[in-house]
Amino acid sequence: MFEILEKRSLNPTVTLMRINAPKVARKAEPGQFIILRTDADGERIPLTIADFDREKGSVTIIFQIVGATTEKLNHLNEGDCLQDFVGPLGRATETEGLKKVAVVGGGVGCAIAYPVAKKLHELGVEVHSIVGFRNKDLVILEDEFRASSSKFVLMSDDGTAGEKGLVTDALKKLIESGEKYDRVITIGPLIMMKFVCRLTKEYEIPTVASMNPIMIDGTGMCGGCRLTVGGQTKFACVDGPEFDGHLIDFDEAMARGAMYKPFERHAYEEACNLFKEVK
Amino acid sequence: MPNMSPTRNEMPVQAPDVRNKNFSEVALGYTEEQAIDEAKRCLGCKNKPCSTGCPVQIDIPAFIAQVAEGNFAEAYKIITKSSSLPAVCGRVCPQETQCESKCVRGKKGEPVAIGRLERFVADWHNAQPEAPVEKPAPNGHKAAVIGSGPSGLACAGDLAKKGYDVTIFEALHVAGGVLSYGIPEFRLPKSIVQKEIGGLKALGVKVETNTVVGKTISVDELMKEEGFESIFIGSGAGLPRFMNIKGENLNGVYSANEFLTRINLMKAYKEGSATPIKAGTKAVIVGGGNVAMDAARCAKRLGAEVYIVYRRTEAELPARAEEVEHAKEEGIIFKFLTNPVEIEATEDGWVKSVHCQQMELSEPDASGRAKPVPIEGAFIDIEADCVIMSIGTSPNPLIKSTTEGLDTQKWGGIIADEDGLTSKEGVYAGGDAVTGAATVILAMGAGKKAAAAMDKYMQSK
């Protein structure tokens, strides 16, 4: 069974869990994801792998509590078991030949950006990390990013942490100051990635965006996760989750991401009410 | 004295306007009396033409003779000598083009209802108290099966009966493959699928769900590190095709695989399910196969007005006649000679309508079916808030791309010989992964053939 070995709250809405999953840990690479179910009636949700320990056989996930399933997941504790945990799925981040990379993360997306930054750093790549959050209470993994980056820029919407402004402002400043990146890797909200890609296109810097669409099986079977990249339909689960950011149709991805919003909101409220009653 | 009635015993079914609102099984099965009466219609032909029409050569006259005598247990034994999944095949086999098409009684009247009798015998058996299963003596060899669909289950069952230590690896969280995620409850109750898998487990077969071969572990690792001497790949044809027309990625457009997986595997049709589904108020299903019928009938049950759009005519529909009949009875509307060219959107990115080209038939094409050609300038729009693309599937490339030395066809099918042997020593394959999308029984037959060849291979090592 997939036991929760460790549970830590990173901020009021973001939780880290280390799961016992030796088979997944053995093969996991940064950029890949897993699919889990909390219980026998649960839905399948994809979460990107935040870290892994091959020796201990554990895989770390970091999730934001946004819906019924993540709410249920957050109510599980160390020692509890997940119903299902399958992976690693998708393709790993390509790191070959890179010398200097800007990693741009936003919100809970930083949980996925961090292992990428870490791996690049370990490979000897010069890493500049630019991370953004709404405010200081939501900042996660600051120390970890600092340890893996030769340059670290923290941004917040309200200026309560780091500089006030958007990650695109910081990235633009760095590029303008003469920093030459052979790649930008961006992971975060779709709207943020869209604007990061728009910016890097102006400077013609190859950019990779990590997509996290609605998914069921994660093996190429349903096509629910499809998106348009360079005019062609791709499946995020097997062709991605990382794609050439300059070719992604972000507007379509945003519309598809909202497909079940009313259902999700209702399910989330029901789950919250259920847990309130239990208390 | 045989029963010389030219017509077969009717299968009791749920009334159309009742069943199109629930997911319970449509066909209810013969009673013992009906089964015996139907069995008596069999003439017991010595040359068994029916058996030659069966992909796994069940001794059909022999099992039917036992049913006629009321010896249902004996009948079950005869069927299971050749078939691993009788309760499944009795329901989903296209008998009308196989065994029943060869039945002598079909020349002047209706053929013996062989499929219904097979189903009756299997259901009768499953209703009996479970007899303890004798586990075959282990022969000390280890074999792996990738995929728990019909071919994998058949292969695993045959190997286990010979004493092999068999492990099935399944990517999803439930075993059964297309029997679990694809075919709906009202045509194949999931309890029956789980019962068949339970039978395999009782024989000692291990089932490891949540294991994506090619990702979690590779074929080479299974052989070199986990000690499996031979491997059967039955990974099916699960990759959905799309038409590549404008608007196909709009909200409300599903592949049939996604639509059916949400319903069958994730139980989205049940009140309070954690997995959402949107069949909308007006659903258009594109395609004319069995999967299209399944998707249409599911959408109907979820409350939509349902259209099936097919570019040829009724005569060319690839779906079983029985499925088409059931769909019609349930109120599905067919639009023949109609081919979608664009899906139009509402302002907020949802499906609004399907813009279709009207077609006419011309000369037969390579497949032997009349080729549909566009009628210039003739278009219709069908309003819809849900569109389900059901135009076929291809084999999943995951195993191919991670297994060195495994040769595949250009279109993705694994290359295998008559016995299922691939280009890689000890590695066999069968079912849709080799042939492209076909039937449950053909996949099962391929699994059994491969099991026999794997047995020979491992014994000669």
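**Cysteine site and aromatic pairs in a predicted model**

In its unreviewed entry, UniProt lists Cys222(A), Cys225(A) and Cys237(A) under "binding site"; such annotations may be inferred rather than shown by experiment. This is a predicted model, in which local features need pLDDT of at least 70 and side-chain atom pairs count only at pLDDT 80 or more. Residues are numbered from 1 along each chain as its sequence is written, and side-chain values use heavy atoms.

Me: What is the largest C-alpha distance among the listed cysteines?
Reply: The three positions in the UniProt record are Cys222(A), Cys225(A) and Cys237(A). They are spread over 16 residues of sequence, yet they cluster in space. The largest C-alpha distance is 9.8 Å.

Me: Is Cys225(A) buried or exposed?
Reply: Buried means under 20% relative accessible area and exposed over 50%, with partly exposed in between (1.4 Å probe, protein chains only). The relative accessible area of Cys225(A) is 1%, so this residue is buried.

Me: Which geometry do the rings of Tyr114(A) and Phe145(A) adopt?
Reply: Rings of Phe, Tyr and Trp (its six-membered ring) pair if their centres lie within 6.5 Å; planes under 30 degrees apart count as stacked, over 60 as edge-to-face and the rest as tilted. Here the centres are 5.7 Å apart and the planes at 75°, so the pair is edge-to-face.

Me: Which residue of chain B pairs with Phe235(A)?
Reply: The two rings are edge-to-face, 6.3 Å centre to centre with 90° between the planes. The pair crosses between chains, and its partner in chain B is Phe242(B).

Key
Chains are lettered from A and ligands numbered from 1 in the order in which they are written. Helices (H or I, at least four residues) and strands (E, at least two) are DSSP runs, numbered from the N terminus.
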